[in-house]
Amino acid sequence: MCFRARIRISGSAGCLAPILALYKCHLRILQRITIRNNMKKTKPTNYLTCSFLLFLVSLNFSLATAVEQNTSTIAVNVGVILDDLDSITAKVWLSCINMALSDFHTSPDSSKSTRLVLNIRDSRADVVDAAAAGLDLIKNVQVQAIIGPKSSMQANFLIDLGDKAQVPLISFLATSPSLSSKGSPYFFRATEIDSSQVRAISNIIKNFGWREAVPIYVDNQFGEGVLPYLVDALQQVKARIPYRSVIPPMATDDQLVAELYKLMTMQTRVFIVHMSYDLGSRVFGKARELGMMNEGYVWIMTDGLTNYLSTLNDSVMNSMEGSLGVRPYVPRTKELIDFRVRWRRKFQQENPAIDTAELDFFGLWAYDATYALATAIENVGTTIFGFQNTTSNTSMINSSIDLETFRVSQSGQLLRQSLSRTRFKGLTGDFSFVNGELQSSAFEIVNVNGDGAVRTIGFWTSQGGLLKKISLNSTNANNVGLRSIIWPGDSTSIPKGWEIPTNGKKLRVGVPVDNGFPEFVKVVLDPITNTTEATGSCIDIFNAAIQKLPYAVTYDFIPFALSKPDGTPASTYNDLVQQVFLGNFDAVVAATTIRGNRSLYVDFTLPFTESGVGMLVPMKDQNKSKNAWFFLQPLAKDLWLSTVCCFIFIAFVIWFLEHRINGDFRGNPWRQISTSFWFSFSTITFSQRERVVSNSARFVVLIWVFVIMILTQSYTASLTSRLTIQQLQPTYTDINELINNKEYVGYPEGSFVYELLIQSGFDPSMIRVYKSIDECDDLLTKGSRKGGISAAIDETPLIRLFLAKFCSKYTMVGPIFKTDGFAFVFRKGSPLAPDISRAILNVTEGDEMKEIEKKWFSKQTECSTTKPMVSESKKLGLDTFWGLFSVVGAASLFALLISTLYFCTHDDDSVIVTGTPPNDASNSDFNDSLGEQGTAVDQRSLIIPMHIGTESDSLNHQILANTSPQHEGAEENNA
């Protein structure tokens with residue numbers, strides 16, 4: 001009979017050797033029994049049965065021996081430090097840790113070579129107890145790793161112990177970013193660091209346009225660790241933190257109420273809560289009692305509270321209604337669903353009296369952290385999990401309190417490296433350590449609704465920002481943002497993030513006293529009622545903007561003196577703006593210019609006036625400064641020079657085209673030159689008497705006469721304008737003239753213009769200050785030579801106000817500096833600033849602004865109609881007439897070219913000279929020479945044989961007429 005058995009044995013192949021040997025031995029026994037039976041002829045049944053039983057017993061013994069040899073696993077001690085082991089949360093986390101070990105040892109990937117032995121310690125929520133527990137585990141138990149502790153304060157000291165003993169510390173609860181600054185290679189954070197969620201919170205702030213937020217955090221390392229990262233994240237989205245609410249860890253109810261009352265007196269209504277769930281639940285409970293969970297408030301919770309929402313009771317959840325929460329996003333996978341079912345079954349079996357336990361995020365991280373540690377220990381591949389001494393003193397080694405004799409783990413470095421390389425798909429997603437930190441992927445944004453329901457309203461990722469859902473097409477525009485939110489007070493409208501305090505506190509608005517320009521701001525203090533009355537265009541614009549707001553704002557004007565009672569300067573506008581930065585004023589209403597250095601400390605609204613800094617200078621009449629050469633002023637020097645050159649050029653061109661065929665341009669050289677220049681310059685008055693007979697010359701003269709006509713007409717018009725119209729021009733047109741001439745300049749008291757003048761290069765001794773418009777007029781009238789000033793430097797709105805009163809004496813030059821105009825000042829990050837800016841736009845674009853300008857600046861409009869003309873008549877230059885000169889030059893060159901080509905290509909030997917012969921000796925000789933040759937000479941026409949051919953058709957007809965017989969007969973009769 002043949003038996004076959006399929007045996008599966010986990011371990012090495014060497015354990016099968018005794019089984020094979022036993023099987024061969026059993027075959028030999030069977031063979032002997034069979035032979036003996038054949039010889040005795042007995043029945044083999046009993047022997048076969050006994051043989052089979054013997055084989056089974058032997059096989060069982062061999063298998064037991066093989067398994068015993070193969071399952072010699074190594075026990076590795078691991079420490080676990082948690083708070084309050086009898087609490088529900090501690091029981092939940094311990095159950096997850098045990099399930100992770102069980103799942104790992106039963107997984108097919110485990111080689112069963114190691115077995116983790118948990119050594120659990122209770123730190124009783126105390127830092128000292130946690131340190132003592134860690135010290136005991138490392139020195140006495142000699143654990144190879146520690147899981148825990150719960151708080152960041154406890155982990156702070158344990159990290160140092162782990163570094164000294166080279167024992168990795170894996171915490172799934174310590175979230176404070178301050179632990180990362182220690183730079184420990186043996187600290188592994190198996191949870192989301194608190195700083196990873198601040199960008200999600202800042203994006204929520206940015207999404208709803210809130211400008212301020214107040215953090216409410218616990219006064220310990222857990223609460224303070226995230227604050228620097230939160231401040232930086234809010235600054236990146238242009239939000240600020242006006243106040244920090246610090247809550248003691250053991251705060252009483254009275255302390256909580258006092259702090260919440262303080263928050264109620266502030267304008268900010270956006271609060272970011274970062275604390276433990278037990279303290280946070282008390283804060284929300286007191287906030288609801290004080291009415292701070294009503295409409296208009298915004299509460300945002302970090303994951304320190306949001307991760308525990310599933311464990312809080314109904315009363316606490318009801319107090320959080322309308323708040324938002326941020327927590328890590330864990331995908332709902334099939335493995336996670338199966339684990340939740342298995343965990344609940346196991347937890348109920350172990351704790352039948354507890355029916356309110358819920359699996360939270362930290363339980364999932366505890367599972368993944370334990371699984372990662374078990375994997376790393378098995379991957380170390382060593383059987384040495386002990387400690388080695390660092391000293392030879394036996395008495396010191398045996399001491400349980402001497403830290404200097406700490407033993408060092410022999411496998412610590414290998415285990416640290418193995419943990420850094422461990423990667424697997426955990427319950428929370430992809431699990432891996434990068435520089436000891438668990439990598440975050442996304443965060444879930446939740447909204448606490450009625451009856452304690454937690455609703456997911458969106459997600460945040462570092463790549464896509466706020467998203468309504470995470471999907472493959474998450475970048476779709478319809479997916480950006482958050483879903484609808486139910487805010488505190490069951491409101492669906494987005495809170496604006498700030499409110500006027502409910503304690504009756506009014507807005508403190510600073511206004512300058514005695515600023516020299518009552519049209520902008522004028523402050524009068526009533527001594528009887530001790531109230532301040534402010535008037536002016538700035539006050540009216542501010543009042544109109546406040547009325548445009550969709551909510552009521554109460555405010556008081558508080559005077560701020562710019563000068564002392566004796567008239568000496570006391571403060572500047574920079575000092576006035578600084579009062580807002582210091583918190584003495586909430587706003588400033590005045591003619592305050594937007595400046596870059598000021599915007600570093602305060603916020604400005606949109607400007608409500610024009611911008612720029614101009615120069616106010618006296619006017620002078622140029623007609624009073626005429627001289628003998630006044631007639632040259634209409635044309636610039638370049639035009640005069642170009643015109644003279646053109647006259648000379650035209651003289652040469654006409655001579656070249658006419659002197660061969662026109663007797664008017666012949667004679668001795670001096671006569672030819674004088675005749676040519678006379679002809680050219682006489683075209684100014686069109687009085688030239690010489691005739692031109694060449695078509696080319698006529699073409700040139702025609703164009704030149706047209707140019708002369710335009711020049712003379714332009715000169716006449718400009719000269720007439722200068723002689724008849726009052727020529728008012730500023731005494732100075734450039735600020736550099738004042739600097740080079742060392743002239744005195746003035747600026748209004750308290751203005752920033754003084755800084756601009758110093759930066760421009762003015763000597764401080766050459767700068768004088770004035771307090772009013774009348775004083776400025778007096779200084780300008782005197783001038784620099786008589787103790788006054790030559791120019792006043794001020795902002796353009798103020799200069800226009802000055803010109804409204806003295807419009808006939810002065811003018812404005814510029815703007816010489818660029819500014820952004822007048823605006824109102826508010827605290828840095830004030831939520832009122834953008835609302836007031838939008839209201840200013842509505843005021844300036846409507847009829848209200850026209851009424852305000854008409855009320856305060858009507859004289860300026862009237863003056864503009866009676867102000868004498870300020871003429872800056874520019875001289876006519878070459879840039880105006882270069883086109884005409886170009887046409888003349890091109891026409892002249894073209895005529896010269898045609899004449900030259902004709903001269904070179906024709907062989908005619910005759911020259912026709914027309915015109916009246918000159919009465920000099922040369923002409924007499926010329927006539928005599930012609931007479932000797934028997935040629936008839938006429939005083940109007942001469943024919944001279946030469947190799948030249950420049951005659952026109954009209955000249956040919958004249959030649960034929962002069963040489964005809966009839967002409968000769970007529971000459972004889974005349975003789």
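Are Arg189 and Glu437 buried or exposed? Both Arg189 and Glu437 are buried, where buried denotes a relative accessible area under 20%, exposed one over 50%, and partly exposed a value in between (1.4 Å probe, protein chains only). The structure is a predicted model in which local features need pLDDT of at least 70 and side-chain atom pairs count only at pLDDT 80 or more, whereas totals for chains, interfaces and linings use all residues. Residues are numbered from 1 along each chain as its sequence is written, and side-chain values use heavy atoms, with hydrogens and water left out.

Confidence in the model was considered next. The pLDDT, which is the predictor's confidence in each residue on a scale from 0 to 100, has a mean of 80 over the protein chain, and 79% of the residues reach 70 or more. Over residues 61–71 the pLDDT is below 50, and this stretch has nine contacts in the model beyond near neighbours in sequence, a contact being defined by heavy atoms within 4.5 Å. The pLDDT is also below 50 over residues 916–975, a stretch with 74 contacts beyond near neighbours in sequence. Where pLDDT is low, the predicted coordinates should not be read in detail.

Side chains of opposite charge can pair when their charged atoms come close. With a salt bridge taken as a side-chain nitrogen of Lys or Arg within 4 Å of a carboxyl oxygen of Asp or Glu, the count comes to 27 salt bridges. One of these joins Arg189 to Glu437, with the closest N and O atoms 2.8 Å apart. Arg189 lies in strand 5 (residues 187–189) and Glu437 in strand 15 (residues 437–438), so the pair ties together parts that are 248 residues apart in sequence; helices (H or I, at least four residues) and strands (E, at least two) are DSSP runs numbered from the N terminus. Arg189 counts as buried because its relative accessibility is 0%. Leaving aside neighbours within four places in sequence, the contacts of Arg189 include Ser171, Pro177, Phe433, Gly436, Glu437 and Leu438. The C-alpha atoms of Arg189 and Ala369 are separated by 8.9 Å, although these residues are 180 residues apart along the chain.

Other salt bridges lie within a single helix. Glu289 pairs with Lys286, the closest N and O atoms being 3.6 Å apart. These two residues are separated by about one helical turn because Glu289 and Lys286 are three residues apart in helix 10 (residues 277–289). Glu289 counts as exposed at 60% relative accessibility, whereas Lys286 counts as buried at 17%. Both residues also belong to a network of salt bridges that links Asp253, Arg282, Lys286 and Glu289. In helix 26 (residues 832–845), Asp835 and Arg838 are likewise three residues apart and therefore separated by about one helical turn. The closest N and O atoms of the salt bridge between Asp835 and Arg838 are 2.3 Å apart, and Asp835 counts as buried at 15% relative accessibility.

A pair of aromatic rings is described by the distance of the centres and the angle of the planes. Rings of Phe, Tyr and Trp (its six-membered ring) were paired if their centres lie within 6.5 Å, with planes under 30 degrees apart classed as stacked, over 60 as edge-to-face and the rest as tilted. The count by this rule comes to 42 aromatic pairs. Phe208 and Trp487 form an edge-to-face pair, at 5.2 Å centre to centre and 85° between the planes. Phe208 lies in the loop between helix 6 (198–207) and strand 6 (214–218), and Trp487 in the loop between strand 18 (465–467) and strand 19 (507–513), so the pair ties together parts that are 279 residues apart in sequence. Phe208 counts as buried at 16% relative accessibility, as does Trp487 at 3%. Phe542 and Tyr555 are also paired edge-to-face, at 5.2 Å centre to centre with 80° between the planes. This pair ties together helix 17 (residues 537–548), which holds Phe542, and strand 22 (residues 555–561), which holds Tyr555, parts that are 13 residues apart in sequence. Phe542 is buried at 0% relative accessibility, whereas Tyr555 is partly exposed at 22%. One aromatic cluster is formed by Phe104, Phe188, Phe339, Tyr367, Tyr371, Phe424, Phe431 and Phe433.
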